[in-house]
Amino acid sequence: MKQYKNNTLTIIGKECKRFFSDRSLVFTSIIMPGLLIYLIYTLMGDAMNKKMQADPNDVTVMQIENMPASIYPSIQELPLMIKEGTFDHDATINQIADKENNLIYVVFPPAFDSLIATYNVASGLPAPNVRIYYNSACTEAEATYTALCAALDAFESSKVNIFDINAQQDPNNPEIFNQITEEDFLGDLFSGIIPMLILMLLFSGCMAIAPTSIAGEKERGTIATLLVTPLKRYELALGKIIALSCFALLSGISSFVGIMLSLPKMIPTDELNLNANLYTTSDYLCLLFAILSTTLVLVSLIAIISAYAKDVKNAGTMVTPLMLVIMIIGLTPMFGDGAPTQLAYYLIPVYNSIQYMASVFNHVNMINAMIVTVASNVVYTILGVVLLSKMFDNEKVMFRN
């Protein structure tokens, strides 16, 4: 037992020395993923916020034909410049087509006030139509168009107010009609995005190091030296998987930190308070166990493929189908109706992890599901160690050209 531990620790120490002595590998596998994700997501968030927010100094011009006296009080408070008169229709439309022009063109029917005063729904005739031309590619024009439609809807309601929807009875004590909470909203958002990102980042971390550790040694010929030493094959397999899992987990943690730091900047709203209090300590611990066990499974799968491959390039090609399967599994939380409650689903490798992580982010932390997920992942890892050790013992696999 002692010799077994020493041999396994020797392999782990050898892998650690190889990895941490290569500064470029440490930077590209651990530091760079989280740093790049943070920078890219932050820049994307800034760009989206800038695109969605109107410039307060850029005033929209609204050209109005046949302006009714009854409408003017409803729109005079809007942040825009109103121009009344008769305009060249085609020339104005061409101006609006240029998204650089903050222009809206509104055409009211002649004698609008008389038309709405005498209009009868029972007549079956079409209602007076207000035509509004705008370009939604222009942020300021889009915002003004929305405000204008709201003002016209309010004006219409004031003329024919049969019933109200969600009207506040007491302004001093407003009633909340939308019963979704901040936690529910963010939980639903995070459960569809973050588990997929975590899974892909873990897989990328495994891909960055596993092929070079096994297929790379086959390519360099150093695996032959290990195989002729008095070292049991399962000790070599276990040491490889444990060491590679640690490196892959460091890469995944770096990427996860980058995601969590940049995610608040990806959500263009000031009304939601994103902070760590959204989840409890037990939630984070359960996620950690799920991530650890998932890393073991992914490393085992890639290590087995790498052991069968001739070289690192061949290993990358052979892992591609597995990557596609992982991507498809990572998308399942987005299209489901929530994590499954049947424990049998948590016996399926990789799928169990993505569903459990989604349930945690959605505030449905099922401890039984966590136990089944982690236990099954450990069992699959043990099977992977056994299979990898048998591959190490097979000369046709290890020394094939």
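## Strand 3 and its partners

Glutamine 63 sits across from tyrosine 105 of strand 3. This is a predicted model, so read every detail here as a feature of that prediction. The pairing behind that contact is between strand 1, residues 60-65, and strand 3, which run parallel to each other over 5 bridges. Strand 3 also pairs with strand 4 (residues 131-133), this time in the antiparallel sense and over 3 bridges. On that side, valine 106 has isoleucine 132 of strand 4 as its bridge partner.

How many residues of strand 3 are buried? The count is 5 of 5, so the strand is mostly covered because each of these residues falls under the 20% cut-off for relative accessible area. In a regular strand, side chains alternate between the two faces of the sheet. Here, both faces are covered: Leu103, Tyr105 and Val107 are buried on one side, and Ile104 and Val106 are buried on the other.

Stepping back, the chain has 14 helices and 4 strands. Of its 401 residues, 40% count as buried. In soluble globular proteins, nonpolar side chains tend to be buried together. The largest nonpolar core in this model has 63 residues, and Leu298, Tyr356, Leu388 and Phe392 have the most contacts inside it. Helix 10 (residues 281-308) gives this core its largest share, 12 residues. Another core lies apart from it, with 18 residues, including Ile71, Ile104, Cys138 and Phe155. Ile104 is also one of the buried residues of strand 3.

What does tyrosine 356 touch, once neighbours within four places in sequence are left aside? Its contacts are Cys286, Ala290, Tyr346, Asn365, Met366, Ala369, Met370 and Thr373. As for the chain overall, take the contacts between residues at least 6 apart in sequence: 75% of them join residues at least 24 apart.

## A buried lysine

Is lysine 240 buried or exposed? This residue of helix 9 (residues 233-266) counts as buried because its relative accessibility is 1%. Not counting residues up to four places away in sequence, lysine 240 is in touch with Ile11, Lys14, Glu15, Ser213, Ile214 and Glu217.

## Two loop residues with positive phi

Alanine 111 isn't a glycine, yet its phi is positive, at about 55°. You'll find alanine 111 in the loop that runs between strand 3 (103-107) and helix 5 (112-118). It counts as exposed because its relative accessibility is 54%.

Valine 350 is another residue other than glycine with a positive phi, near 70°. Its loop lies between helix 11 (312-335) and helix 12 (351-361). With a relative accessible area of 6%, valine 350 is buried.

## The outside

The chain exposes about 22,300 Å², and 61% of that comes from carbon and sulfur atoms. Which residues make up a nonpolar patch on the surface? Phe27, Ile31, Leu35 and Leu39 do, and together they have about 350 Å² of accessible area.

Phenylalanine 27 belongs to helix 2, residues 23-52. It counts as partly exposed because its relative accessibility is 38%, and the partly exposed class lies between the buried limit of 20% and the exposed limit of 50%.

Key. Residues are numbered from 1 along each chain as its sequence is written. This is a predicted model: local features need pLDDT of at least 70, side-chain atom pairs count only at pLDDT 80 or more; totals for chains, interfaces and linings use all residues. Side-chain values use heavy atoms; hydrogens and water are left out. Patches are made of residues with over 30% relative accessible area and no salt bridge: like charges are joined within 9 Å, nonpolar side chains (Val, Leu, Ile, Met, Phe, Trp, Tyr) within 5 Å. Accessible areas come from the Shrake-Rupley method with a 1.4 Å probe; for residues, only the protein chains shown count as cover. A salt bridge is a side-chain nitrogen of Lys or Arg within 4 Å of a carboxyl oxygen of Asp or Glu. Buried means under 20% relative accessible area, exposed over 50%, partly exposed in between (1.4 Å probe, protein chains only). Two strands pair if DSSP finds at least two bridges between them. A nonpolar core is a set of buried Ala, Val, Leu, Ile, Met, Phe, Trp, Tyr and Cys residues joined through side-chain atoms within 4.5 Å. Contact means heavy atoms within 4.5 Å.
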